[in-house]
Amino acid sequence: MRGRFAPSPTGRMHLGNVRSALLGWLQARAAGGAFLLRIEDLDRARCRPQFLQDLYEDLRWLGLDWDETPLVQSERDGVYREAQAKLEREGLIYPCFCTRTEIARAASAPHGLSDEGPRYPGTCASLTAAQVAERSRTRAPAYRFRARAGEVRFVDELMGPQAQDVQALVGDFVVRRNDGVASYQLAVVVDDAASRITHVLRGDDLLPSTPRQLQLYAALGLSAPAFLHVPLVLGEDGKRLAKRDGAFALAELRARGRPPEHVLGLLAAWSGLGDGSPVTLPALVARYRPDVLPRAPVVAREALLLDALGLR
């Protein structure tokens, strides 16, 4: 087994991020496998070197080690362009000059997935070479993958059987943005394949993107990993924790002198692996079982968090 954690250094890690890291680490270590770290820093406007250093310190403080030199996505554009070239040679991608506003106005099915916006109606799917050349004079294109029609089916190791018609729900999707940066969908597929990842454990906010990734795995001739999506940790407002939620930042808990075993105990309780008592990583490895992981979101209440960690 080869698992991984793939954070974005756009802020301080909160306990929801750290819980995903812990569960991925436990999944790999319980199986005697390797655990890798990948830095997803393609969002150049928001990623900061200090956040990356904080991330390393957080993981090391908690005891979550990794086995190989981390991949850094901002250093891998050439690899992503090779994959894009392969798709282009096979006629599976095309340049798109549409803005989000134009897509929203033209979309025949406006309710797509939130990470993609409105369903793409295929406006640029059949442009001639002359039309592409003309539009390229005034606007840089994005590149879209020609989504295959019909349901993509897979079995999630926690959520069970899944099915999604990517073409009907999302339409042709972006693999390179018009600012020249590879999309998340392309980069994650290329990187997981390059790292020989066999098992992906991540938050269930990414469950809807899995069918798109499976189409890219097939188009690139790559083997797809097994997937396990865990429900997110939510705040008291019912929204997913954000990196601005200071009370739930691991760096804040470190600064306040809490032992890592106390944090591990809280994360274990949120994951069906403990009762909230302080616990060590070896003990969690011994008791890790994917079938006990919750299938519903966890609500992190700040007052209970402070009480559990002895901070008031």
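The charged end of arginine 144 sits over the ring of tyrosine 120, at 3.8 Å from the ring centre. A charge counts as sitting over a ring if NZ of Lys or CZ of Arg is within 6 Å of the ring centre and within 35 degrees of the ring normal. The model is predicted, so local features need pLDDT of at least 70 and side-chain atom pairs count only at pLDDT 80 or more, while totals for chains, interfaces and linings use all residues. Residues are numbered from 1 along each chain as its sequence is written, and side-chain values use heavy atoms, with hydrogens and water left out.

**Aromatic pairs**

- The structure holds 3 aromatic pairs; rings of Phe, Tyr and Trp (its six-membered ring) pair if their centres lie within 6.5 Å, and planes under 30 degrees apart count as stacked, over 60 as edge-to-face and the rest as tilted.
- One of these pairs joins phenylalanine 145 and phenylalanine 173, and it is tilted because the ring centres are 5.2 Å apart and the planes stand at 40°.
- Phenylalanine 145 belongs to strand E5 (residues 142–145) and phenylalanine 173 to strand E8 (residues 173–176), so the pair ties together parts 28 residues apart in sequence.
- Helices (H or I, at least four residues) and strands (E, at least two) are DSSP runs, numbered from the N terminus.
- Phenylalanine 145 and phenylalanine 173 are both buried; buried means under 20% relative accessible area, exposed over 50%, and partly exposed in between (1.4 Å probe, protein chains only).

**Helices H7 and H8**

- The axes of helix H7 (residues 184–194) and helix H8 (residues 210–219) come within 9 Å and cross at roughly 55°.
- Axes are lines fitted to C-alpha atoms, for helices over the stretch in contact, and angles run from 0 to 180 degrees between N-to-C directions.
- H7 and H8 are therefore oblique to each other; angles under 35 degrees count as roughly parallel, over 145 as roughly antiparallel, 65 to 115 as roughly perpendicular and the rest as oblique.
- H7 passes H8 in a right-handed crossing.
- A crossing is left-handed if the near helix is turned anticlockwise from the far one by less than a right angle, and right-handed if clockwise.

**Residues in loops**

- Arginine 196 lies in the loop between H7 and strand E9 (199–203), and its relative accessibility of 52% makes it exposed.
- Phi of arginine 196 is near 55°, a positive value in a residue other than glycine.
- Most residues other than glycine have a negative phi.
- Alanine 149 is in the loop between E5 and strand E6 (151–156) and counts as exposed at 58% relative accessibility.
- Arginine 289 is in the loop between helix H11 (281–287) and strand E12 (298–299), and a relative accessible area of 44% makes it partly exposed.

**Residues in helices**

- Proline 282 is found in helix H11 and counts as exposed at 60% relative accessibility.
- Proline 282 and alanine 30 are 252 residues apart in sequence, and their C-alpha atoms are 9.4 Å apart in space.
- Leucine 169 is found in helix H6 (residues 166–169) and is partly exposed, with a relative accessible area of 27%.

**A record annotation**

- UniProt places the feature "short sequence motif: 'HIGH' region" (unreviewed entry) at residues 7–17; UniProt positions are given in the numbering used here, feature names are shortened, and annotations may be inferred rather than shown by experiment.
- Over residues 7–17 the chain is 27% helix and 0% strand, and the end C-alpha atoms are 8 Å apart.
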